[in-house]
Amino acid sequence: MPETLTLTIDGVSIEAQAGQYLIEAADAAGIFIPRLCHQPGLAPFGACRLCTVLANGRPCSACTTPVTDGMVVANDIESLREFRKMTIEMLFVEGNHFCMFCEKSGNCELQALGYRFGITAPRFPYLWPQREVDASHPDILIDHNRCILCGRCVRTSRELDGKHVFDFVERGNEKQIGVNAAARLAGTDADISDQAIDACPVAAYLNIRCFAACQPLQRSGQCIVELLFRQGFAAWVEARLLDKGRRREFHQPFL
Ligand code: SF4
Ligand code: FES
């Protein structure tokens, strides 16, 4: 039986189990600590720093810090709110995020945090990076424009799917998700049923059959098709739409 410890978060006393991470103890007590890279069931990673709290006065990531007895934690305080808001703003300007046209709008963790922290227009200049879309796989599309490098897909593929399809490649501004095949995603053993595909907090992975066959008139699907056209995948899109008998519906918005 694990030892029970007592700690306080923003003055509220809670109980936790020895060996738990701070974010797990807060979750169990119903206290929200913002996060993006943390996912229950995966080993702690500490990439996004959104869960930064002050534990006994020292900044640390709640997802990688084990609880200790008598710990005093500051979470929802002005300085941390400002730090988190700034971090989220930097994520928005660092990639290409068009929430109003995105098929994951309303179900995106980055967007939800944007609302939570009252972000309207980021204070930083947009970088508008040129990133590719990998539509080589028959079922899964990777849009690197939306990736926030949380590593959840990397760790889920390795730890839960037992595959190691994804990993980080390059450095700094060039860092992105790579796959374990020279021939892009099509050359891997990635499957639409992999837990790694669902682990993404944003819409960097898309179920091609879902957006291209099931929801052709949704604004999000239109946006992605437009993106594919811009990226030179017109022939591929046409082939798939003809295959599904939905060509007219899909093409109408762009004619
Ligand atoms: S593709 Fe999604 S899950 Fe993977 S690192 Fe990027 S944002 Fe995270
Ligand atoms: S959730 Fe803790 S660093 Fe990302």
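Two strands are taken to pair if DSSP finds at least two bridges between them. Helices (H or I, at least four residues) and strands (E, at least two) are DSSP runs, numbered from the N terminus. The model is predicted, and local features need pLDDT of at least 70, side-chain atom pairs count only at pLDDT 80 or more, and totals for chains, interfaces and linings use all residues. Residues are numbered from 1 along each chain as its sequence is written, and chains are lettered from A and ligands numbered from 1 in the order in which they are written.

In the parallel sense, strand E1 pairs with strand E5 (residues 72–74) over two bridges. Within this pairing, Thr8 stands opposite Val72 of E5. E1 (residues 4–9) is also paired with strand E2 (residues 12–17), in the antiparallel sense and over six bridges. Here Thr8 stands opposite Ser13 of E2. The two strands E1 and E2 form a hairpin with two residues between them, and Asp10 in the turn has a positive phi of about 50°.

Leu54 stands opposite Ala74 of E5. Together, five strands form an open sheet with mixed pairing, in the order E2-E1-E5-E3-E4. E2 and E4 are the edge strands, each pairing on one side only. On average, neighbouring strands of this sheet are turned by 40° against each other, direction ignored; axes are lines fitted to C-alpha atoms, for helices over the stretch in contact, and angles run from 0 to 180 degrees between N-to-C directions.

The loop between strand E3 (52–55) and strand E4 (58–61) contains Asn56. Phi of Asn56 is positive, near 50°, in a residue other than glycine. A residue is buried if 20 or more other C-beta atoms lie within 10 Å of its own, exposed if 12 or fewer, and partly exposed in between, with C-beta atoms placed from the backbone. Asn56 counts as exposed because it has 12 C-beta neighbours inside 10 Å. A positive phi, about 60°, is also found at His164, which is not a glycine. His164 lies in the loop between helix H4 (152–159) and strand E8 (166–169). Because it has 16 C-beta neighbours inside 10 Å, His164 counts as partly exposed.

A further open sheet has three strands in the order E6-E7-E10, with antiparallel pairing. Strand E6 (133–134) and strand E10 (205–207) stand at the edges with a single partner strand each, so one side of each is left without a neighbour in the sheet. E6 and strand E7 (residues 140–143) run antiparallel and are joined by two bridges. The bridge partner of Asp134 in E7 is Ile142.

In helix H3 (residues 109–116), the buried residues include Leu110, Gln111, Leu113 and Gly114. These residues lie on the same side of H3 because they cover an arc of only 160° around the axis, the arc being that of the directions from the helix axis to the C-beta atoms. Helix H2 (78–94) is included in what covers the buried residues of H3. H3 is followed by Gly118, which has a positive phi near 65°.

Helix H4 contains Arg155. Arg155 counts as buried because it has 23 C-beta neighbours inside 10 Å. Two residues are in contact if their C-beta atoms, placed from the backbone, lie within 7 Å. Not counting residues up to four places away in sequence, Arg155 touches Leu42, Ala43 and Phe45. The C-alpha atoms of Arg155 and Gln39 are 9.7 Å apart in space, while these residues are 116 apart in sequence.

Ligand 1 has 13 residues around it, of which Cys147, Cys150, Cys153, Cys200 and Ala204 come nearest; a residue is near a molecule or strand if its C-beta atom, placed from the backbone, lies within 6 Å of it. The shell around ligand 1 divides into 11 nonpolar residues, one polar and one charged. In this division, Ala, Val, Leu, Ile, Met, Phe, Trp, Tyr, Cys and Pro count as nonpolar, Asp, Glu, Lys and Arg as charged, and the others, Gly among them, as polar.

The chain as a whole has nine helices and 10 strands. Of its 255 residues, 35% are buried. Among contacts between residues at least 6 apart in sequence, 64% join residues at least 24 apart.
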